[in-house]
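Student: Could you walk me through a structure that is new to me? I would like to ask questions as we go.

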Amino acid sequence: MTPGQFVATPTPTRRRGAYWHSALALAVLVAAGWLARRHWPVLESGAVRLAVADQGRLLLAGTAAIGTWLCASLAQQGAVPERLPRGRLVAAQFAASAANHVLPVGLGAGVVNLRFLMRCGLPAARAATAVAAKGTAGVLVRAVLIACLAVACPGVLDLPRHAPGPTAVLLTALAVATVTALLAGPLRQRCRGVCRTALADLRAVHTRPLRAAALWGGSLAFVALHCLVLVAVTQAVALPLPPLKVALLYLAASSAAALLPTPGGLGSLDAALALALAASGAPAASAASAVLGYRLLTVWLPLVPGLLVLGVLIRRKAL
């Protein structure tokens, strides 16, 4: 260690925050395993149903899943005034998607995009605000879509009148514990600072109409294509729910699952989405098939290729 250098040691607050996140992630994964074991016959029949589903609809779902990476690239380009290299940008979004399913709470995608923008010549502060601007745009677009679809499909998001089952109670308790942990202590001030920086960067982006259109259009198309993936899969397995209702249920379930710190919503999104579809009148086997198909196309099939692309980008010093 040369003079003037120092080794940063984690503070007790940071250590406690890391312990909280690790404990919550472990709790969600254990709960997901317990639910999978309890409902294993339903999952097994859902997998069989998916194997004999409409292959044309599944092909449409797979095409929409590929389109999400292009839309993510468009949104990230819209968050910075400089022109980014297109090929590396798309490859970085593909790698970011894979990294997002290895690390919790979107951390993987954020780190990959941050490193990519810095390698493209942006200072660390501007790269961080660009990543935050893209994330903020995605959250706002998702909220607007939920509001619009809730008006178009009244009653879908109403709370059930009967007493909640143990699964609903478990998911609710985990969500409340996560929100309480995330909003407590110094993290609250940190979140406020990040939000202020992201909003300031969004205002700067809007001075360039083409960049603003890319940011908001890419963010909207990204969410819409994820909805299309699930809608196409539900139609492939003949799930008796209208497309707008399926899209609203997906947006609500994925937003709720984002509060739980698991890699890529592993376990939390699966349980929330299956529960939402089943509570809306879908047969349990069909709901399980739809969730399995959606996760297969958006997570499991692209995971290994995405990690390989990530390794190539790191080796070539593109990240």
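This is a predicted model: local features need pLDDT of at least 70, side-chain atom pairs count only at pLDDT 80 or more; totals for chains, interfaces and linings use all residues.

Student: What is the phi of Ala238?

Tutor: Most residues other than glycine have a negative phi. Ala238 is not a glycine, yet its phi is positive, at about 60°.

Student: Which segment holds Lys317, and is Lys317 buried or exposed?

Tutor: Lys317 lies in the segment after α12. Lys317 also has a positive phi of about 60° without being a glycine. The cut-off for exposed is over 50% relative accessible area. With 59% relative accessibility, Lys317 is therefore exposed.

Student: Let us step back. How many helices and strands does the protein have?

Tutor: Reading along the sequence gives the pattern α-α-α-α-α-α-α-α-α-α-α-α. The count is 12 helices and 0 strands.

Student: What percentage of the residues is buried?

Tutor: Buried here means under 20% relative accessible area. The protein has 319 residues, and the buried share of them is 42%.

Student: Which residues touch the most other members of the largest nonpolar core?

Tutor: In soluble globular proteins, nonpolar side chains tend to be buried together. The largest nonpolar core in this model holds 43 residues, and the two that touch the most other members are Leu273 and Leu277.

Student: Which element gives the largest share of this core?

Tutor: Two or more residues come from each of α3 (55-78), α6 (124-152), α9 (209-236), α10 (243-257), α11 (268-279) and α12 (284-315). The largest share is 9 residues, and the element that gives it is α9.

Student: Which residues is Leu273 in contact with, leaving aside its neighbours within four places in sequence?

Tutor: Contact here means heavy atoms within 4.5 Å. Setting aside those sequence neighbours, the partners of Leu273 are Leu230, Leu249, Tyr250, Ala253, Val291 and Tyr294.

Student: How many residues are in the second, separate core?

Tutor: Among the members of that second core are Ala96, Ala130, Ala212 and Leu215. The number of residues in this separate core is 25.

Student: How are α3 and α9 oriented to each other?

Tutor: Their axes come within 7 Å and cross at roughly 165°, and the crossing is left-handed. Angles over 145 degrees count as roughly antiparallel. The two helices α3 and α9 are therefore roughly antiparallel.

Student: How many nonpolar, polar and charged residues make up the contact of α3 with α9?

Tutor: Sort the residues of this contact of α3 with α9 by class.

Student: What about α9 and α10: which word describes their packing?

Tutor: The axes of α9 and α10 are 9 Å apart, at an angle of about 120°. Their crossing is right-handed. That angle makes α9, relative to α10, oblique.

Student: Which residues of α10 make the contact with α9?

Tutor: On the α9 side are Val223, His226, Cys227, Leu230, Val231, Thr234 and Gln235. By class, the contact of α9 with α10 has 9 nonpolar, 3 polar and no charged residues. On the α10 side are Pro243, Val246, Ala247, Tyr250 and Leu251.

Student: Which residues in α12 meet α9?

Tutor: The axes of α9 and α12 come within 9 Å and cross at roughly 135°, and these helices are therefore oblique to each other. From α9, the residues are His226, Val229, Leu230, Val233 and Thr234. In α12 they meet Ser289, Ala290, Gly293, Tyr294, Leu297 and Thr298.

How values were computed. Residues are numbered from 1 along each chain as its sequence is written. Side-chain values use heavy atoms; hydrogens and water are left out. A nonpolar core is a set of buried Ala, Val, Leu, Ile, Met, Phe, Trp, Tyr and Cys residues joined through side-chain atoms within 4.5 Å. Buried means under 20% relative accessible area, exposed over 50%, partly exposed in between (1.4 Å probe, protein chains only). Helices (H or I, at least four residues) and strands (E, at least two) are DSSP runs, numbered from the N terminus. Axes are lines fitted to C-alpha atoms, for helices over the stretch in contact, and angles run from 0 to 180 degrees between N-to-C directions. Angles under 35 degrees count as roughly parallel, over 145 as roughly antiparallel, 65 to 115 as roughly perpendicular and the rest as oblique. A crossing is left-handed if the near helix is turned anticlockwise from the far one by less than a right angle, and right-handed if clockwise. Ala, Val, Leu, Ile, Met, Phe, Trp, Tyr, Cys and Pro count as nonpolar, Asp, Glu, Lys and Arg as charged, and the others, Gly among them, as polar.
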